[in-house]
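Here is a short report on selected helices, loops and backbone features. Please keep the sequence and the model open while reading.

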Amino acid sequence: MTVDSGLTSPLGPPACEKDAKALQFIEEMTRNCNTVQERVLGEILSQNAETEYLGRFGLGGATDRDSYKSKVPVVTYEDLQPDIQRVANGDRSPIFSSHPISEFLTSSGTSAGERKLMPTIHEELDRRTKLYSLLMPVMNLYVPGLDKGKGLYFLFVKAETKTPSGLVARPVLTSYYKSKHFKTRPYDPYNVYTSPNEAILCADSFQSMYTQMLCGLLMREEVLRMGAVFASGLVRSIKFLQLNWRQLVDDIAVGTLNPRITDAGIKECMGKILKPNPELAEFITKECEGENWEGIITRIWPNTKYLDVIVTGAMAQYIPTLDYFSGGLPLPCTMYASSECYFGLNLNPMSKPSDVSYTIMPNMAYFEFLPHDPSSPAPAALSRHSPPPLVDLANVELGKEYELVISTYSGLCRYRVGDILRVTGFHNSAPQFKFIRRKNVLLSIDSDKTDEAELQKAIDNASILLTEFNTSVVEYTSYGDTKTIPGHYVIYWELMSKDPGNSPSHDVLDRCCLSMEESLNSVYRQGRVADNSIGPLEIRVVKNGTFEELMDYAISRGASINQYKVPRCVSFSPIMELLDSRVVSAHFSPCAPQWTPERRG
Ligand code: AMP
């Protein structure tokens, strides 16, 4: 049913009065993209006029774009780190923002092996909540009747720490789920979850997942949509069902709760929901006991209309697995966001993953775009003295690629996010962007991002274990294997042994895997230890001469012999086949690496 509220929307007839207002807001923002951007920059600069950071550049209270662009430099996290550290250490003076820093958001991007710390202010929660409030009104334009059932969403909080000064540091979603904006959200028939808040907010990932899955099974016929933040999370949830369905079925059959669930809040709320239901237990047993899990999602949750997960960027690797489990349900990617700032939403959510474009909402921050040449892998060089010609949101050109640069209300000024986007069209005057890639990411399974330098360092550290065997790693490459659940890093090694009678044993090579994991960044290690979202790292030792064959293959396909470089990450099937056919032994990390929420060093 649609409403005739007098508030019509060019996006389509809204499903209810509230949606009409949200769609109207999207129209207003996107029609007046440039004016809104001008206003946002003016607000940010006047709000933060007295901050130490802006004071350094002699803006003298100016709030216009020209002064800002000519005086304030474009920066990276590393440029800001000394000031961020001052805030972390307790300096409460207005360094970045005139509003008090309420907490740090810990990004999955790392610096020196640790999550980047993004200072944020309380009012940003309202801005994030506003963007969330636009998602269902858009979805309701494409999928009717979402108020007639529930969403099975696997949502989790992660560990949080305190900086030396006592400010909380945690991921942005943990901050959001723990906020009153989420916990005491008003009832909205279009946005009812099967998971109780108690389960979402339980820090123990097993108890949280178990309860969320149990509720999803109990309410299976009501489930109209299923989701997680990223595709990897939903794939992991299905794997969890594969591993734990027997215990879940026992609970459903008898109406009791698995003794591994000890969280008092969960026990209390599940006590009210759980009742013996032998028919349901029998049904789930029948579906899960077979070997064939193809289409399991629609078999257990037959009314599911779509899977709400992000499958753009690094997550595209999970599309085949999700298609297998769901029989090809639509995969709307609803939003594009980061710890630094929530950027925008997908106004055409039912499009194919390869066609997904995000419309950046001009009210979220001030956005600039650094032209990026797709043919040159090196990031654009920047000089403090001659600011590069950054392009405004309303002036980007169709078909061109850019790196996103943001200025936020929290006080990040002309900050390079590291994402490369391509303009694919416009909604009113607001450009729409395809997410192309994040710069400098070689391997990614979940939210981990490993770059070439980190991989090299990990190989160097692991190689130390080989020195007593007079053995060295002569060549290597890597592969993110997402056919296993959870996915894992595979590193191909070609070894040279000067003393073949004393080559490293299986056990030594297993320990090399662990040594590599110990060297990787904290997001990787957290995925291994706390989230179980990454499986043990694998080293595949290949026959001598394999990398030469790899080069021959590349040259046969047109690579220049003079410029040939070993790719440090591979995914092209013929190359994988060549490598895998030359494997002489495979080794896995024997245990998990060290990780604690506390930062190293
Ligand atoms: P984080 O800083 O950990 O919050 O991660 C934010 C980053 O995740 C962004 O800068 C992107 O690189 C990536 N990301 C977020 N949303 C999307 C999306 N919809 N599609 C592709 N990548 C995304």
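## Helix α10

Helix α10 has 14 residues. From its first C-alpha to its last it reaches 20 Å, close to the 20 Å expected at 1.5 Å a residue. The model is predicted.

Most of α10 is covered, with 12 of its 14 residues buried. The buried stretch includes Phe206, Gln207, Ser208, Met209, Tyr210 and Thr211. Gln212, Met213, Leu214, Cys215, Gly216 and Leu217 are buried too.

## Packing of α10 with α12

Two packed helices are described by the angle between their axes and the distance between the axes. What are these values for α10 and α12? The axes of α10 (residues 205–218) and α12 (residues 264–273) come within 12 Å and cross at roughly 15°. Angles under 35 degrees count as roughly parallel, and α10 and α12 are therefore roughly parallel to each other. Their crossing is left-handed.

Which residues meet here? From α10 come Gln207, Thr211, Leu214, Cys215 and Leu218. From α12 come Ile266, Met270 and Ile273. By class, this contact has six nonpolar residues, two polar ones and no charged ones. An α-helix has 3.6 residues a turn, so residues three or four places apart point the same way.

## Helix α2

Helix α2 spans residues 33–47 and has 15 residues. It reaches 21 Å from its first C-alpha to its last, close to the 21 Å expected at 1.5 Å a residue.

Buried in α2 are Cys33, Val36, Gln37, Val40, Leu41, Gly42, Ile44 and Leu45. What covers them? The cover includes the helices α1 (17–31), α3 (52–55) and α4 (65–71). It also includes the strands β11 (366–372), β13 (401–407) and β15 (430–438).

## Two buried loop residues

Leucine 537 lies in the loop between α18 (522–529) and β18 (538–542). Its relative accessibility is 0%, so leucine 537 counts as buried. Setting aside residues up to four places away in sequence, leucine 537 touches Tyr489, Ile491, Cys513, Met516, Glu517, Leu520, Tyr524, His587, Phe588 and Ser589. Isoleucine 261 is 276 residues from leucine 537 along the chain, and their C-alpha atoms are separated by 30 Å.

Threonine 482 sits in the loop between β16 (471–481) and β17 (488–497). Is threonine 482 buried or exposed? At 10% relative accessibility, threonine 482 counts as buried, because the cut-off for buried is under 20%. Leaving out residues up to four places away in sequence, threonine 482 touches Gln317, Tyr318, Thr321, Ile445 and Gly487.

## Backbone features to check

Most residues other than glycine have a negative phi, and most peptide bonds are trans. The cases below concern a peptide bond and two phi values.

A cis peptide bond joins isoleucine 485 and proline 486, with omega about -5°. Proline 486 lies in the loop between β16 and β17.

Arginine 414 is not a glycine, yet has a positive phi of about 50°. This arginine lies in the loop between β13 and β14 (415–427). With a relative accessible area of 1%, arginine 414 is buried. Asparagine 440, also a residue other than glycine, has a positive phi near 60°. Asparagine 440 lies in the loop between β15 and α16 (452–463). With a relative accessible area of 54%, asparagine 440 is exposed.

Methods
Residues numbered from 1 in each chain as written. Predicted model: local features only at pLDDT ≥ 70, side-chain atom pairs only at ≥ 80, totals over all residues. Heavy atoms only, no water. Helix = DSSP H or I, 4+ residues; strand = E, 2+ residues; numbered from the N terminus. Buried < 20%, exposed > 50% of the residue type's maximum accessible area, 1.4 Å probe, protein only. Contact = heavy atoms within 4.5 Å. Axes fitted to C-alpha atoms, helices over the stretch in contact; angles between N-to-C directions. Parallel < 35°, antiparallel > 145°, perpendicular 65-115°, else oblique. Left-handed = near helix turned anticlockwise from the far one by under 90°. Nonpolar A, V, L, I, M, F, W, Y, C, P; charged D, E, K, R; others polar. Expected span 1.5 Å × (residues − 1).
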